[in-house]
Amino acid sequence: MTLAIVVPTVGRPSLRTLLTGLAAQEPHPGRLPPQEVVVVDDRPLADGAALTLPDLPWPVRVVRSGGRGPAAARNAGWRTASARWVAFLDDDVEVPPDWLAHLAGDLAGAAPDVAGVQGRVRVPLPTHRRPTDWERNTAGLETARWITADMAFRRAALAQVHGFDERFPRAFREDADLALRLRQAGWRLTLGQRAIRHPARPADARVSVRVQGGAASDALMRALHGPAWRELAETGRGRFRWHVATVAAGAVAGLTAALGRRRGAALAAAVWAALTADFTVRRIAPGPRPGQDGWAHEWGTMAATSAAIPWAAVAHRVRGTLAYRGVLAWPPPVRAALFDRDGTLVHDVPYNADPGLVRPVEDAARALGRLRAAGLRLGIVTNQSGVGRGLVGAAQVEAVNARVAAELGPFEAVQVCPHAPADGCVCRKPGPGLVLRAAAALRVAPHECVVVGDIGADVGAALAAGAHAVLVPTPVTRPDEVAAAPVVAPTLQAAAEIVLRLTHPRDQIGNLAAPAGDQIGNLAAPAGDQIGNVAAATVAEVSA
């Protein structure tokens, strides 16, 4: 049994507390030491400040995922790990000294059909006063099902369902969706014995209004799983129907007043006021009492936000319903193919500054022609460190790119990293920058792209950006890069066949899944059966 720990983060100070707790795990004969700890830095790439991490007794790797949300960050973490089990921890939890020992027991007791084992969550609440609305919301994690605050998944299960759906942009419902898909695929999820602490993060007065953005994720869940999705995912109902009634009453009051119908406006306004007052009282009642610390501020906040929440919730639900009409199952079909240049499309000439030396690889033009004929958008993503090293000029790189296009046909996006390795840029592969920029230029989502390259850096860039990856080895490709690639193709023509199959959602093949322990001698299969699992869950809907 092997283990990797994946921690997505946006750079909160609590990350250091979590990692320090991991480093302080007690020696135990049954403890399962992780192969590695993968910290996924999900801050926007423009935030170039490096994370400062404490020392850990195991290898630590930092992956940049480009600020695409927790679902994408978790995918970037587990897809680059090779362990059979992947344990996800949120960056704002605290682990006790015996956490690893209890995790080992949980995983050892997992039956072969168990995809994931959830840890127990304990939310410390104040003892000197009643908890605030936000603290009670956080406390809902204690009873939430399959949340990824502490969830260990079998990698094979994760790969089978293609991991988290990255169209969920926030930490809400993406775990419930994953759990539902795992169970539909025949896996079970269980509750383990290990436990973590999840303190309520500091929050401002508007937090309960902002979290209503999750209503758009509810619309995505309905579009994906049908009107009975709440029962299937075991999420509970919340107050959305009452929010609709409140908004309807307020809208009718405004409309009838504008039409001069005073009696109707007064009646509708009274209904709106009664519903708003009821919501406010329900939120205040479990909270701080007069005389307790912060009670006046809490009551004022509840009054103000209770009037705003129904409108925000309904607006986000409408937005989500419109945005996700006709949405396809995860993962959606590929719409764009991004190619490494040197060694993949053309024979590698180190630091090439001469367009006359451009020689396409065998069948490159034919392979690209098939993809263009299928309607795929094509791009190039290439590291050109010769510019940063002073060995070639930017204009010369452009001239070589123009010759490549003349030989192989036009490309709708060409993204170049001109930096030397020591520059510490965010665009150089295996970082995700070039892939994310190319996807934006082509107006497609990163997960609608496939990256085709000849070395591990190309695969790493794809995985970090959330794209599919296909490796086409050459004599310079290292054996370990081949072994770690999710999908390997013997030729560019074979890679094109794989890409074409990725354009059909029901024929998806591997989607970045497992290191290629079982290489695909025939064009497709995701390398290895090993993929594991991920959990699903949802935070309790206290305010929503």
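The questions and answers below go through the predicted model from the whole chain down to single residues.

Because the model is predicted, local features need pLDDT of at least 70 and side-chain atom pairs count only at pLDDT 80 or more, while totals for chains, interfaces and linings use all residues. Residues are numbered from 1 along each chain as its sequence is written, and side-chain values use heavy atoms, with hydrogens and water left out.

Reader: Which radius of gyration does the chain have, and why does it agree with a compact globule?
Author: The radius is taken over C-alpha atoms, and the globule rule is 2.2 Å times the number of residues to the power 0.38. For 544 residues a compact globule would come near 24 Å, which agrees with the value of the chain, 26 Å.

Reader: What percentage of the residues in the chain is buried?
Author: A residue is called buried under 20% relative accessible area, exposed over 50% and partly exposed in between, with a 1.4 Å probe and protein chains only. Of the 544 residues in the chain, the buried ones make up 54%.

Reader: Against which helices do the buried residues of α10 pack?
Author: The buried residues of α10 include F240, H243, T246 and V247, and A249, G250, A253 and T256 complete the list. With contact meaning heavy atoms within 4.5 Å, these buried residues pack against α11 (262-284) and α12 (295-323).

Reader: Is G291 buried or exposed?
Author: G291 has its place in the loop between α11 and α12, and its C-alpha atom is separated by 9.4 Å from that of R129, 162 residues apart along the chain. Because its relative accessibility is 70%, G291 counts as exposed.

Reader: What is the relative accessible area of H162?
Author: H162 lies in the loop between α5 (155-160) and α6 (174-184). Its C-alpha atom and that of R181, 19 residues apart along the chain, are separated by 9.7 Å. H162 is buried, and its relative accessible area is 13%.

Definitions and conventions
Helix = DSSP H or I, 4+ residues; strand = E, 2+ residues; numbered from the N terminus.
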